[in-house]
Amino acid sequence: MIGTLALVALQLQASLGVRGTVRDAVTGHPVRAAEVEIARTTVNTGDNGRFALAGRAGDTVRIRRIGYRSAAIVLGRDDSLMVDLQPVALQVAQVDVRAPASASRHSAVIDVRAIETEGVATARDLATRLPFVSARSSRSGVALSMRGSRPEQVLVLLDGLPLNDPATGSADVSELPIAALGEISVLPGADAATMGSGASGGVLALSSGSGSTLTVSASSYSRAGLSAAHTLKAVGAEVRVGGEWGYARNDFPFQNTERTAAGIPRSEANEVRVNNDERRFALFGSAIIPSAQMTFLASRTERGLVGPMNVRVYDNARGTTDRALVRVAADLGSWKVAGGTRLLRYHYRDGLAFVSRTSSMSLDADAERTVGSVSFRLGGGADRVYGSNLEDATRPRIFTAAHYGWMRGRWRATAATRFDGVADAGARLSPAVSVERQGTVTFFARAGQGFRAPAFYDLHIVSPQRIVHPPRVGPERVILDAEAGARVHRKAATFSAALFDRETRDAIVWFPGTFSWGPRNVGRERVYGAEARFAVTLDPFDLDVWASSRSTALRLDIDAVSIPTPYVPRVDGGATGRFRSGPISVVASLSALGRRPVAAVPDPSLAQQLPAVMLLEMHASWSAAVRATQAVIGLGARNLSGTRWQQVAGYPSEGRVWTASLTLRPLQ
Amino acid sequence: MKIVPRFLPLPFAAIVVLACSDSTLPFEPPVLQPGALILNGVGETGVTFVPSSGAPNSHIDFGASFDGATFTVLDNIVLSTSSSLKGDQLYVADLSNGSLQRVQLPAASNPAGATFLLSGADGARNFAVALRNSGSIARVEMRAGLPAGVTTVANAGLCPSDVFFAISALWSVDANVMCSTDYAVAGPGRLIRVPQLVSDLGRDTIPLGPAIISPLRAFAIGNFAYVLSSGAFVVPAAVVKLDLMARSVVATRIFPQGAFGATMALGANGMLYVTAATGFNPYLPKVYAIDPLTLTFQGPFAPSGSHRLLTTASGAEQPKCDAATGDAGGRIYCIDNGEVLAVLNVFAANGAFVRSHPAGTLAFDVTVR
């Protein structure tokens, strides 16, 4: 009897089902594809971070995932585990994309998968939904601004690989396939101690998506899109491949107010936008195994480059952007190594005879090792830019960095420093410190320095008149980027707010000259302001509200005047409300943009500013299960009121846009 | 006429433009007093009148769709144009009442210099505009209360950069560069005579000589014309004098090696004032005064060159004149552009600093009244 009981007990012990969830310790989001091992049996977490495995009390559960510190837990009698993995890749920003010390800064994380069924068909649409980000479009891509920055001060990463064009310094996210994206971490503020040159205004960290999906979309003005991604899981690996195709004719009607200003009757000033079309095609993929991660992306975007409403000279101009990138990261024992390459080619045709080609190629490699609380990194790379309007130029760069993390009770602190050596920009040291006190109300503060090396255009631009600007522009230096804020989590509600201040010396700004525009290092630039975000979930309602205000002043020493940064609104904000009832979901999204100067002037007059605008977007979707597939049918409208506004002066907008979409996903 | 590049390479985001001077007021007509009239081509565009009396400036706003680099002034009327990058328009400002009229020129024609033609018997005001990209001249006829009429005269050169009317003919300054593409130099500049405005009776083409590369600006004085060539790296700037009756080059004044010309103005004292620089970094254009009769540089000269000696209040040499002209007394009016603001510096005929005025935002042309 006793023996029987002992055997049953052993069997019970042996058949203990262990369930758990693996989360990111910083963001709280589930970590997929983590390897969970108990007694030499291994499983991987799913998209929701969950796993189930058999184990016995006393067994050691080992959890590993590239980009995180490994964790080990001894099983007790509790068969339900919640494992928070500490992201180390955040520090290195190559493998998995999240904020360095993001817990000690103001940030926001957006789940692309959650909003792609809400009428967001392109990355251009997506950019307008990001909190703390100001996006504007004109005849080409999307220019981003964070905390009052200029576009080239925003560093955009995909799985840690920079997407900024080495030629211009700025990143255009409009051609990115949103089906390739998973999360977007919005990290306002300088972060050169981790990211190096360019991260002087903010970082937009994109990560590859997960799961399988198929979306067909259509909207006003002959816009259509098709995107698909499929995920395969086998032998501990997760491989995802997909593609995206998009077309937009964008032939919307508008009134040419410049013609009416020239005395042309209004009835003759009603026009239709021409040469405003866009064609996009992209292939992407990612692969994750417990000790390695790979990302690739190849895309081609062709656009008509119509000019401002009264300018006809661009009516036949077209541009094609080709992008390709590959990134591989791996755990090699105590070292984490990563390498990548990216190609960007821009082809411009004015429709007559003039053709311009610009290509850039970049190589990046780095390695990281953690010893105790200190992680060390070193790496390097090179950028090469060549084209018909540029002198061929190659720029090597190296860096070494160290990061120290400290925790005691409720207190956390980090200290980091990075030394960069960039050809044509010299050697730069970028330190940063942060401190945080966790509690019901978590307080955080951060301060650092940074820099931005001149882009190739800043150094090597050649005007159409063949006049070479000597490479005399130096790096711009963020001598102080500081923020202090607080976060409150209460049940289903989260509130966060921060004050920030950034001072930059030798800002690289382009000024008009006698024959062409040219870059100069100018005086000092100060940006200060505040931002806040509130999110609450009261089933069946969700509400997410953010607001930001800032003052920008570029002090020009020669003229002894200060001017605000063009196109940076003094205030902006957004609100998204969701209502779900069974298979029905309704989303209303409001975005507000304050007045913003179209030219940098001290105290710009009303005529020198674009008016404030508030845009409402409504979207309704209906979800149904068809066998093992979830189908989501969506209908909606952007700019519901049909407001005619301008993102960039002289460029008309399309007003109201109706959207429809069908998304198919496997049921979880 | 400054040639504005047609292609500016891609997204240069942060663009700084203008600022207002506290002393600038909206235009208050009529202003019949001595002073300088300045063309603000970037920022708070338009014309700014700077009275010599020290009274507040007046300004006529041309708006954001303007990028002109030169103007032509006759009595109270100011002509300037926006390039194809800003919508191909002729701007006609009336200083007597502060009004502004804009005339739409052919799309993508890339207007440059403009000039006055004889007024019609019915009171119509007539103008001519050089259209760079279409190689033609636009003839603009404006009648009160009616939309402006625009006709074009073709075959005015590869890239007409300026136009003037003299001895009963229209003259086109052909820069002879590939305006509509990449501004590549096709050959030396030319002056093309258009005998009738709207007929096709043929053209007389006067080669300006191998030293005249990319001519920008021209003035006619009597039967003679003076054309400024901006030059290039290996060919310095030059001013060529032509006998319009004989239709031939009389003389050419070559600037110092490496100098490229930026602006040329006809001073009220009859002198030509050219600004030219010998490098981009630093970019420090100097003032050269040229006697149109002899085509010789006029002093007093700076110690190290043939440009005018201009001294600041402290006695140092005036560093920079982006545009300049002279008044009847030989005083020099010099525009010094900062990063967004312009300053008008006035110098005596001997080069001594006289006074300084705020002149609005970046300025590219100046004349005196």
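# Close-up views of a two-chain model

**View 1. A:Gly381 sits in a strand of chain A.** With 19 C-beta neighbours inside 10 Å, A:Gly381 counts as partly exposed. The cut-offs are these: a residue is buried if 20 or more other C-beta atoms lie within 10 Å of its own, exposed if 12 or fewer, and partly exposed in between, with C-beta atoms placed from the backbone. This is a predicted model, in which local features need pLDDT of at least 70, side-chain atom pairs count only at pLDDT 80 or more, and totals for chains, interfaces and linings use all residues. Residues are numbered from 1 along each chain as its sequence is written, while chains are lettered from A and ligands numbered from 1 in the order in which they are written. The strand holding A:Gly381 is S25, residues 374-387. Strands (E, at least two residues) and helices (H or I, at least four) are DSSP runs, numbered from the N terminus. Which residues touch A:Gly381, leaving aside its neighbours within four places in sequence? They are A:Ser362, A:Leu363, A:Asp364, A:Ala365 and A:Arg397. Contact here means that two C-beta atoms, placed from the backbone, lie within 7 Å. A:Arg395 is 14 residues from A:Gly381 in sequence, and their C-alpha atoms are 8.6 Å apart.

**View 2. Chain A is assigned two domains, domain 1 and domain 2.** Domain 1 covers 2-87 and domain 2 covers 91-666. These bounds come from an automatic or database domain assignment. The C-alpha centres of the two domains of chain A lie 37 Å apart. Chain A has 7 helices and 41 strands. Of its 668 residues, 49% count as buried. Contacts between residues 24 or more positions apart make up 59% of the chain A contacts with a separation of 6 or more.

**View 3. Strands S11 and S12 of chain B form a hairpin.** S11 spans residues 136-142 and S12 spans 149-153; the two run antiparallel and share 5 bridges. Two strands pair if DSSP finds at least two bridges between them. B:Glu141 stands opposite B:Gly149 of S12. Between the strands lie 6 residues, and B:Gly145 takes a positive phi near 80 degrees.

**View 4. Strands S21 to S24 of chain B make an open antiparallel sheet.** The 4 strands follow the order S21-S22-S23-S24. Which strands stand at the edges? S21 (260-266) and S24 (296-298) do; each has a single partner strand, so one side of each is left without a neighbour in the sheet. Neighbouring strands are turned by 35 degrees against each other on average, direction ignored. Such angles are taken between lines fitted to C-alpha atoms. S22 (residues 272-277) and S23 (residues 286-291) pair over 5 bridges. Within this pair, B:Thr275 has B:Val287 as its bridge partner.

**View 5. A second open sheet in chain B has the order S25-S26-S27-S28.** Its 4 strands pair antiparallel. S25 (323-326) and S28 (353-361) are the edge strands, each pairing on one side only. How many bridges join S26 (residues 332-337) to S27 (residues 341-347)? There are 6. One bridge partner pair is B:Asn337 and B:Ala342.

**View 6. Confidence in chain B.** The mean pLDDT of chain B is 86, and 89% of its residues reach 70 or more. pLDDT is the predictor's confidence in each residue, from 0 to 100. Over residues 1-23 of chain B the pLDDT is below 50, yet this stretch has 96 contacts in the model beyond near neighbours in sequence.

Notes: Axes fitted to C-alpha atoms, helices over the stretch in contact; angles between N-to-C directions.
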